[in-house]
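Subject: A structure to look at

Hi,

I am handing over a structure that may be new to you. Please open it first, and then read my notes on what was found.

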Amino acid sequence: MDLKVRIIGDPVLRKKATKVENIDDKFRELLDIMTEVMYKEDGVGLAAPQVGISKKFFIMDDGKNLRKVINPEILEFLGDEVIFEEGCLSIPGIFLNVKRPEGIRVKYTNENGEEIEEELHEYTARIFQHEYDHLGGTLFIDKVSTATKAKVKGKIKDLMKEGRKLAKELGELEIK
Ligand SMILES: [Zn+2]
């Protein structure tokens, strides 16, 4: 399966993803391919909609652990809101400060079908929240002030043109 990173403007990035039903060898293979794509693109996270698949899963690497996160839920937000600069493989070249809770308590299924519940903080919690947002069709530029967004308006407009064109060529990918 040849996976291409989708760019803002692709409608799949704005869809609400649906639950993953089967975690089998074929699915694990897909996770491996996505992991390769993420590392190749120098990303720290990659959500399924970003490769054209509207399903609830993502991969992330905070520099300590590679996590394969399936059907995640954020159970609780912890600590104060903190500002941190974010970027996104689907919005290349744009980096903006985003305010989010410092910590979260989450639940998800891993690639072996095991239920994981854990508390995440700082950088790990940041990546998780960013990727989790992708599954609901939310992008980090939606979370910044209108004034901040205005500064990158032109750049985003250009990217969206590219993203829409790419979307027409690639379409949405279906998995079982
Ligand atoms: Zn992203």
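Predicted model: local features only at pLDDT ≥ 70, side-chain atom pairs only at ≥ 80, totals over all residues.

Residues are numbered from 1 along each chain as its sequence is written, and side-chain values use heavy atoms, with hydrogens and water left out.

Back to the strands. Strand 2 and strand 3 (residues 66-86) run antiparallel and are joined by five bridges. Their hairpin has four residues between the strands, and Gly63 there takes a positive phi near 95°. Strand 1 (residues 45-47) also runs antiparallel to strand 2, with three bridges; Leu46 has Ile59 as its bridge partner. Two strands are said to pair if DSSP finds at least two bridges between them.

How many residues of strand 2 are buried? Five of the five (residues 57-61) are, so strand 2 is largely enclosed by the rest of the structure. Phe57, Ile59 and Asp61 cover one side, while Phe58 and Met60 are on the other. Here buried means under 20% relative accessible area, exposed over 50%, and partly exposed in between (1.4 Å probe, protein chains only).

Now for the whole protein. It has four helices and five strands, in the order α-β-β-β-β-β-α-α-α from the N terminus. These are DSSP runs numbered from the N terminus: helices are H or I with at least four residues, strands E with at least two. Buried residues make up 48% of the 176 residues. The C-alpha trace spans about 45 × 45 × 25 Å along its principal axes. Of the contacts (heavy atoms within 4.5 Å) with a separation of 6 or more, 69% are between residues 24 or more positions apart.

Asp42 is not a glycine, yet has a positive phi of about 60°. Asp42 sits in the loop between helix 1 (25-40) and strand 1, and is exposed, with a relative accessible area of 71%. Glu122, also not a glycine, has a positive phi of about 45°. Glu122 lies in helix 2 (residues 122-135) and is exposed too, at a relative accessible area of 60%.
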